[in-house]
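Look over the sequence and the fold before reading on.

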Amino acid sequence: ADEQLDLDDGRWEDIHVVTGALKLFLRELPEPLVPFSHFDKFIAAIKIQDLSLRGRCIRDLVLSLPPAHHDTMKVLFRHLCRVVEHKEENRMSVQSVAIVFGPTLLRPASEEGSMAMHMVFQNQVVEHILNHYGYIFPD
């Protein structure tokens with residue numbers, strides 16, 4: 001059923017509804033935007049102390065994603081970078097965006113275990129990609 005969405009419908013005027021719909025869509029994917037197979041690799045990469053090595057590892061991991069995941073991530077993060085550019089009006093800093101999207105974009109295959117500890121690193125990965133978008137996704 002190819003449902004046509006009328007974005008002129010009044011209920012889409014509230015940006016929180018649109019954001020909620022996007023987050024729900026990403027959350028309901030059978031596999032997250034960062035595939036389960038890459039989760040531990042991203043967590044290990046964000047823990048690297050050497051900043052330039054960390055940056056290269058994360059860029060290489062993003063490049064190693066399946067094309068659909070990589071291309072979707074590029075478009076999504078380009079948009080999220082634009083959201084952050086307007087943080088004075090929308091109060092969505094890099095940290096805020098990371099808190100909102102981190103657990104949705106990367107999550108472990110099994111949800112038990114150290115959820116709270118994971119969350120810090122999940123958010124840091126999203127922060128890193130936002131802060132280094134141009135390096136990770138050169139045009």
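## Pockets, a helix and a core

In the second largest pocket, α4 supplies the largest share of the lining, six residues. This is a predicted model, in which local features need pLDDT of at least 70 and side-chain atom pairs count only at pLDDT 80 or more, while totals for chains, interfaces and linings use all residues. Residues are numbered from 1 along each chain as its sequence is written, and side-chain values use heavy atoms, with hydrogens and water left out.

A pocket is an open set of points on a 1 Å grid over the protein atoms alone, with protein on both sides within 12 Å along at least five of seven lines; its lining residues have an atom within 4 Å of a point. Helices are DSSP runs (H or I, at least four residues), numbered from the N terminus.

The lining of the second largest pocket consists of Leu22, Phe25, Leu26, Thr72, Val75, Leu76, Arg78, His79 and Arg82. Both α1 and α4 supply at least two residues of this lining. For the largest pocket, the lining has 13 residues, and Ile15, Thr19, Val83, Met92 and Phe101 lie nearest its centre. Here α1, α4 and α6 each give two or more residues, and α1 gives the largest share, five residues.

Ala, Val, Leu, Ile, Met, Phe, Trp, Tyr, Cys and Pro count as nonpolar, Asp, Glu, Lys and Arg as charged, and the others, Gly among them, as polar.

| Pocket | Volume | Lining residues by class |
|---|---|---|
| Largest pocket | about 390 Å³ | nine nonpolar, four polar, no charged |
| Second largest pocket | about 160 Å³ | five nonpolar, two polar, two charged |

The helix α4 has 19 residues, which at 1.5 Å a residue should span 27 Å, and its end C-alpha atoms are 27 Å apart, which agrees. The expected span is 1.5 Å times one less than the number of residues.

A nonpolar core is a set of buried Ala, Val, Leu, Ile, Met, Phe, Trp, Tyr and Cys residues joined through side-chain atoms within 4.5 Å. The largest one has 32 residues, and Phe42, Val62, Met73, Leu105 and Ile129 have the most contacts inside it. The helix α4 gives the most to this core, six residues. Leaving aside neighbours within four places in sequence, Ile129 is in contact (heavy atoms within 4.5 Å) with Ile58, Val62, Met73, Phe77, Ile136 and Phe137.

Definitions and conventions:
Buried means under 20% relative accessible area, exposed over 50%, partly exposed in between (1.4 Å probe, protein chains only). On a 1 Å grid over the protein atoms alone, a cavity is a set of points where a 1.4 Å probe fits but cannot get out, and a pocket is an open set with protein on both sides within 12 Å along at least five of seven lines; lining residues have an atom within 4 Å of a point. Grid points are joined across faces, edges and corners, and a volume is the space filled by probe spheres set on the points.
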